[in-house]
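Please look at the structure first, then read the points below.

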Amino acid sequence: MRRISRITVAGAATASLALALAACGGTSTDSGSESKGGKGLAIAYDVGGKGDQSFNDAAYAGLEKAKKEFGYETADVEPTDGETDADKEQRLSSLAKQGYNPVVGVGYAYATAMKSVAEKYPDTTFGIVDDATIEADNVADLVFNEQEASYLAGVAAAKSTKTNTVGFVGGVNVPLIHKFQAGYEQGVKDTNPKVKVISQYLTQTAEEGGFASPDKGKTAASGQIEKKADVVYAAAGLSGQGVIEAAAANKIWAIGVDSDQYKQEALAKYKDYILTSATKDVASAVYNLAKSVEDGKPETGIVRGDLKSGEVGLSDSNPKFADDAELQAAIKSAKEKIISGEIKVKSS
């Protein structure tokens, strides 16, 4: 499939973009210092937006890398409260119409809108993170085996608990987050069947704030800690910040998600209580899609990151985690068995 031609940046076009995007969520655009005068990667954030120290920020890191390497104009657009599929469709259409390529929807919530927009702009490459339902010649489904990283998080939790009780906090009760829960619980039980896992979801729908409410995360984690959980794993976007805060307040371990949360500046005061994070390399997925378009060979179809490819795993920034030889040996063994197929990790 041919790539859409780059559009020369003019003041009127930039102003037009700002006005169009203001109607459907905040935006920021930037041109590389060595700009070729064209438009490249644009991302539309999921619930929680930029600054979630997790999923959305990882996508932004991929955008920043592409902007630096390819020297083109980029855009990143915030969601709005209570938005509809029509709002998302307008956002994606606006970016495609202005000449951005590729255009990435960060999160499965963009599936309905992207399917419609991709048909209208067949010469634009689209990417959607965490959804594998769109079958189109110009769409890349950027998905991950989150359950594999979560299994390793379960191993870490089971080896680190002193109370034989650990917790899981899911942001929204949807199949994507079920993968995190399933892998984590399996990893815990395979490591030590005596360890109890307390699992809880914050909301039934994203619209209720499950991915964007640190207060809900803090309340849920505090309740699990009262029940003796001394390691709590959150797969809850921005809400996970509240889980980490509760863990730090009670001097127990938290396990972060998506990004290496030990390194997140906004979480610096809690980092001594972040044991590790179950990461998925959204940054690389977003950057790789941009590079494929830049190279004239756009990725399409399902593009999957897993433990074998190194695109999911556990971070080791916390020295207390990295220097624990027994814990590291257990994680290494589990990782090798997952990659070889000896361990089949459940996804639900």
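Helices and strands here are DSSP runs, numbered from the N terminus, a helix having at least four residues and a strand at least two. In those terms, Asp130 is found in the loop between β5 (126-129) and β6 (139-144). The model is predicted. A search of the whole structure finds two cavities of 30 Å³ or more.

**Backbone geometry**

- Most residues other than glycine have a negative phi, and most peptide bonds are trans.
- Asp130 has a phi near 70 degrees, a positive value in a residue other than glycine.
- Asp130 counts as buried because its relative accessible area is 10%, and buried means under 20%.
- Lys228 also is not a glycine, and its phi is positive, about 85 degrees.
- The loop that holds Lys228 runs between α7 (214-226) and β9 (231-235).
- Lys228 counts as exposed because its relative accessible area is 56%, and exposed means over 50%.
- The peptide bond between Asn101 and Pro102 is cis, with omega about 5 degrees.
- Pro102 lies in the loop between α3 (85-97) and β4 (103-105).

- Strand β6 is mostly covered, as six of its six residues are buried.
- On one side of β6 the buried residues are Val139, Asp141 and Val143, and on the other they are Ala140, Leu142 and Phe144, which leaves both faces covered.
- Strands β5 and β6 pair in the parallel sense over four bridges.
- Across that pairing, Val129 has Leu142 of β6 as its bridge partner.
- Strand β12 (residues 301-305) is joined to β6 by five bridges, and the two run parallel.
- Here Phe144 has Gly305 of β12 as its bridge partner.

**The largest cavity**

- Rolling a probe the size of a water molecule over the atoms shows where empty space is left.
- The volume of the largest cavity is about 180 Å³.
- Its lining is made up of 19 residues, and those nearest the centre of the cavity are Asp46, Phe55, Phe211, Gly237 and Asp258.
- At least two lining residues of the largest cavity come from each of α2 (55-70), α6 (175-191) and β10 (253-258).
- Helix α6 gives the largest share of that lining, three residues.
- Sorted by class, the lining of the largest cavity holds 11 nonpolar, three polar and five charged residues.

**The second largest cavity**

- The volume of the second largest cavity is about 40 Å³.
- Its lining consists of Glu146, Ala149, Ser150, Phe180, Tyr233, Asp258, Ala278, Thr279 and Lys280.
- Two or more of these lining residues come from α5 (146-160), and two or more from β11 (274-280).
- By class, four residues of the lining of the second largest cavity are nonpolar, two are polar and three are charged.
- Asp258 is one of the residues lining the second largest cavity, and Asp258 is also among those nearest the centre of the largest cavity.

Terms used: Residues numbered from 1 in each chain as written. Predicted model: local features only at pLDDT ≥ 70, side-chain atom pairs only at ≥ 80, totals over all residues. Heavy atoms only, no water. Buried < 20%, exposed > 50% of the residue type's maximum accessible area, 1.4 Å probe, protein only. Pairing = 2+ DSSP bridges. 1 Å grid on protein atoms, 1.4 Å probe; cavity = no way out; pocket = protein on both sides within 12 Å on 5 of 7 lines; lining within 4 Å. Points joined across faces, edges and corners; volume = space filled by probe spheres on them. Nonpolar A, V, L, I, M, F, W, Y, C, P; charged D, E, K, R; others polar.
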